[in-house]
Amino acid sequence: MLAFDRPAGVPRLITRMPWFPVIAALASVVAVLAVGKLAANWLDVYLVFFGDQPQIEPSNVAAYRVWGAIACVALICGAVAHMLNPGRRTLGTLWQVLLVLGCTAIAVLCYIPGAVDLPAPERDDDGYRAPPCYSGGDNDECVGG
């Protein structure tokens with residue numbers, strides 16, 4: 001259809017853009033890769049043997065932020081490309097919904113403390129700083145009687 005054959009108010013047909021399924025598929029692959037990297041980062045922090053304490057390094061926090069952002073962008077791009085595809089199938093829609101739910105669950109479960117800057121809670125400072133006293137019943141040993 002030539003440009004002058006259609007009315008001026010009709011937008012260009014979306015059906016002439018065959019790359020929507022390709023964009024949705026590539027975004028799905030990137031989202032699955034990002035989920036794998038988030039899980040590997042979590043295992044890097046918390047998979048310890050023989051009583052070692054987990055150490056959270058700044059590289060783990062940075063990796064969580066970067067791969068979490070990549071997963072979010074890939075999910076949004078994939079979902080939008082799938083919804084704009086006029087030839088979308090029910091199976092593809094189900095895949096996109098499961099991918100969004102799965103990626104969200106992994107991002108929440110594989111959270112690295114310190115990756116999200118939260119405000120510190122305010123302390124209710126009443127001025128009382130005495131340590132607790134467990135004297136066994138005699139108050140002469142405790143501070144303040």
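I count two rings of Phe, Tyr or Trp as a pair if their centres lie within 6.5 Å. The model I am working on is predicted.

**Entry 1: aromatic pairs**

I searched for ring pairs and found 2 in the structure.

Next I checked where the two residues sit. Both belong to helix 1, which covers residues 20–46. They are 4 residues apart there, so about one helical turn separates Trp42 from Tyr46.

Then I looked up accessibility. Trp42 is partly exposed at 30% relative accessibility. Tyr46 has a relative accessible area of 30% and is partly exposed.

The other pair is Tyr64 with Tyr111. I read 5.7 Å centre to centre and 90° between the planes, an edge-to-face arrangement. Which parts does this pair tie together? Tyr64 lies in helix 2 (residues 58–84), while Tyr111 lies in the segment after helix 3 (90–109). The pair therefore links parts that are 47 residues apart in sequence.

Tyr111 comes out at 29%, which makes it partly exposed. The cut-off for buried is under 20%.

**Entry 2: helix 1 against helix 2**

I turned to the two helices that carry Trp42 and Tyr46 and Tyr64. The axes of helix 1 and helix 2 come within 8 Å. They cross at roughly 160°. Helix 1 is therefore roughly antiparallel to helix 2, since the cut-off for that label is over 145 degrees. I noted the crossing as left-handed.

What kinds of residues make up the contact of helix 1 with helix 2? I sorted them into 20 nonpolar, 5 polar and 2 charged.

**Entry 3: cysteines**

I searched the whole structure for disulfides and got 0. I then took up Cys72, which is in no disulfide. Its nearest cysteine sulfur belongs to Cys103 and is 8.7 Å away. The cut-off for a disulfide is 2.5 Å between the sulfur atoms.

Cys72 is partly exposed, with 47% relative accessibility. Cys77 has a relative accessible area of 39%, so I put it down as partly exposed.

Conventions:
Residues are numbered from 1 along each chain as its sequence is written. This is a predicted model: local features need pLDDT of at least 70, side-chain atom pairs count only at pLDDT 80 or more; totals for chains, interfaces and linings use all residues. Side-chain values use heavy atoms; hydrogens and water are left out. Rings of Phe, Tyr and Trp (its six-membered ring) pair if their centres lie within 6.5 Å; planes under 30 degrees apart count as stacked, over 60 as edge-to-face and the rest as tilted. Buried means under 20% relative accessible area, exposed over 50%, partly exposed in between (1.4 Å probe, protein chains only). Axes are lines fitted to C-alpha atoms, for helices over the stretch in contact, and angles run from 0 to 180 degrees between N-to-C directions. Angles under 35 degrees count as roughly parallel, over 145 as roughly antiparallel, 65 to 115 as roughly perpendicular and the rest as oblique. A crossing is left-handed if the near helix is turned anticlockwise from the far one by less than a right angle, and right-handed if clockwise. Ala, Val, Leu, Ile, Met, Phe, Trp, Tyr, Cys and Pro count as nonpolar, Asp, Glu, Lys and Arg as charged, and the others, Gly among them, as polar.
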